[in-house]
Amino acid sequence: MAAAAVPGAGRERRAAAWGWGGRPCSGNILDQLRQGQVTGQGLARGAQITEAFLKERDKQAKWNGIPLLLQKLYVNSQPNSDFSKCQSILKEISPLLSMEAMVFVTEERKFSQESTFPNTYTFDLFGGVDLLVEILMRPTLTTQKKKQKISDDLTKDCLSILYNTCICTDGVTKRLAERNDFVLFLFTLMTNRKTFLQTATLIEDILGVKKEMIRLEDIPNLATLVSSFDQQQLANFCRILAVTISELDTGSDDKHTLLAKNAHQKKNLGPTCAEINQATLLNIPGFIERLCKLATRKVSESTGTSSFLQELEEWYTWLDNALVLDALMRVANEEPEHNSSDESGVANTSSRTQLPQSMKIMHEIMYKLEVLYVLCVLLMGRQRNQVHKMIAEFKLIPGLNNLFDKLIWRKHSTSTLVLHGHNQNCDCSPDITLKIQFLRLLQSFSDHHENKYLLLNSQELNELSAISLKANIPEVDAVVNTDRSLVCDGKRGLLTRLLQVMKKEPTESSFRFWQARAVESFLRGATSYADQMFLLKRGLLEHILYCIVDSECKSRDVLQSYFDLLGELMKFNIDAFKRFNKYINTDEKFQVFLNQINSSLVDSNMLVRCITLSLDRFESQSDMKVVHVLSECRLLSYMYQMNNRTTFLFRLINIIHVQTLTQENVSCLNTSLVILMLARRKDKLPGYLNALQKMEYDEKYPGFILNNFHSLLRFWQQHYLHKDKDSTCLENSSCISFTYWKETVSILLSPDRTSPCALVSYIEEPYMDIDRNFTEE
């Protein structure tokens, strides 16, 4: 039963809440405001508080007049009000917030305590954010035939203040992100060139925290919007697109277990939101063509190379925020329209605007980062073949080749480019990021696709044909069918240029990993002798061995990329093994090489697989050259010994378990299978299984390897038997039919304990543990 009303009780409660004499004390008012904003009930904005109280408390509470200004803004922003007065009010508020935002950005100050009430926090607390959203959206919400118009300047001020509040006050960005109507409305403001940059910056910030990815198809008139953008706007728009076409981060791809991924895919059978957004973009007429033009247009060198680099480094030490950079760009864009333009579309400026000119060049570099990223994501998506066809047609690769020396891999200046708040080892400068994004694009472009030969020029394609002719082997169809009008021009193709800089890269360089990955992707797929010889003739094998052995590389990532590249380079190629033996010409060098392999089999197992496959093929050949190399090569002689192969097999199985399988280490399982498939071909499979059993007993732990291998093979069946792409990759990389892979796994998993090729035959009954369920816990 509700308590009976006590006369005067309400008045007493109000007095207690508002302080002596019925006056609200600021602490309680602020609590009520925040509570009202959360619940939507009670005191929700500063306009509900009396002007007298706000004036009285303003100085003591250090509100800097913001609540009073918001009251005026509220009154003057009602329907049929004069919006010109709103702009003058915002001109008073804006400096208070923008100065604070600059401090947050440039000094990386942490969010202030709420008790200190910084300007941005006070602005949000008294309803400023919600009020600005109302002002911006009012023309779309009114039912009147004659809609109120908001000036461009007022829109810009609203957007800038919202952005400043977002970066300074915790929770504002997330609140805005939850308003899907406002997010979609912001896209409509991008049609106005004068408000584009402020809108794009705010959208980027909001989408970065939005829990659910926005669907591009929900944006009103998206195709018309994109077609209305000039090249500069389109490049900025790519910053937004990057968030909408990339899968939401659920942890590093390599670290996320395959069990979890498979379970997720079973629950979500349809295309993801990111994949739908990718398809939406590809349906926009001319979209890919414009991206290719943006990525390959030349950067103005009118300021001179040395002065350009000097300005770039001096200014970028503190320009680590898009808002600051865009603010400077706005100054540049306010120059007279009649300024001349060069081939890059960047306006020439007078000495009065020298800073904005250098910022324009900076933007050109940063644009390419965004564009290359979008193209890279699309190349890895479901419509990969469609994207490949278009970027080949629009000559992306020849265009990047022409930019390689002057922009992508130009010489570094003597000074070190370091971002504020970072150190010189960070991969965050525009120069470094551009190189990495370029290498990622090459990797995605070349990987298992016949268009990879566009990375060469016509002379280099002729060289591939000559290698095949000399070796008396058929030319690869993809080489013959390559459209010569779409390949690189100039003295060197893109692949050759990459090899040149790769060999000059310092030992400690972070680029080594990405360079090796990009070159390896060119070799992936069905093994091509001509491709291998093309790279071998350019000293690639010796360079890799120098890095692994002589420089004794310690980086696991770099080592893994080098081992993977070495495996693709040497697979089935007797000339490569001959070159290897010529370089690794002492027992000491060979021991260093083995130590590097054994330091982490997860990183080196692809090379172990390559050596095993190559040895098997060479043993079946009677060519005297092959016989000679087999007898001389330390590496082949080492792998020829069965006890070394079984040791690798034992270790490969021991370092992986179903619950810890990832995209990175599942290759260990496939390498162990390759060893056993080749043994099965020669009727030696029982010998290997018997050796594994003996090694278990030597370790005083019977059954632990074979039980684990049994579980791994059961998972293998679930993972690979329904994935056409993965099975094709296994087939191409091993030259063993996928049918033989499946048969071998079935034989090993046979429940027949009398079968000499079944794992259960080698696990004694007391140690049997093969029926355990493996599920993602």
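**Exercise 1.** Leaving aside neighbours within four places in sequence, threonine 744 is in contact with Met677 and Arg680, where contact means heavy atoms within 4.5 Å; determine in which helix threonine 744 is found and whether it counts as buried or exposed.

*Solution.* The model is a predicted one, in which local features need pLDDT of at least 70 and side-chain atom pairs count only at pLDDT 80 or more, while totals for chains, interfaces and linings use all residues. Residues are numbered from 1 along each chain as its sequence is written, and side-chain values use heavy atoms, with hydrogens and water left out. Threonine 744 is found in helix α40 (residues 738–748), helices being DSSP runs of H or I with at least four residues, numbered from the N terminus. Threonine 744 counts as buried because its relative accessibility is 0%, the cut-off for buried being under 20% relative accessible area with a 1.4 Å probe and protein chains only.

**Exercise 2.** Describe how helix α23 and helix α27 pack, and which residues make the contact.

*Solution.* Helix α23 (residues 458–470) packs with helix α27 (residues 529–536) at an angle of about 115°, their axes lying 9 Å apart; axes are lines fitted to C-alpha atoms over the stretch in contact, and angles run from 0 to 180 degrees between N-to-C directions. On the α23 side the contact is made by Glu460, Glu463, Leu464, Ile467 and Ser468, and on the α27 side by Tyr529, Ala530, Asp531, Met533 and Phe534.

**Exercise 3.** Which residues does phenylalanine 593 touch, not counting those up to four places away in sequence?

*Solution.* Phenylalanine 593 touches Leu545, Ile548, Val549, Phe563, Leu566, Phe580, Leu607 and Leu635.

Methods. Helix = DSSP H or I, 4+ residues; strand = E, 2+ residues; numbered from the N terminus. Buried < 20%, exposed > 50% of the residue type's maximum accessible area, 1.4 Å probe, protein only.
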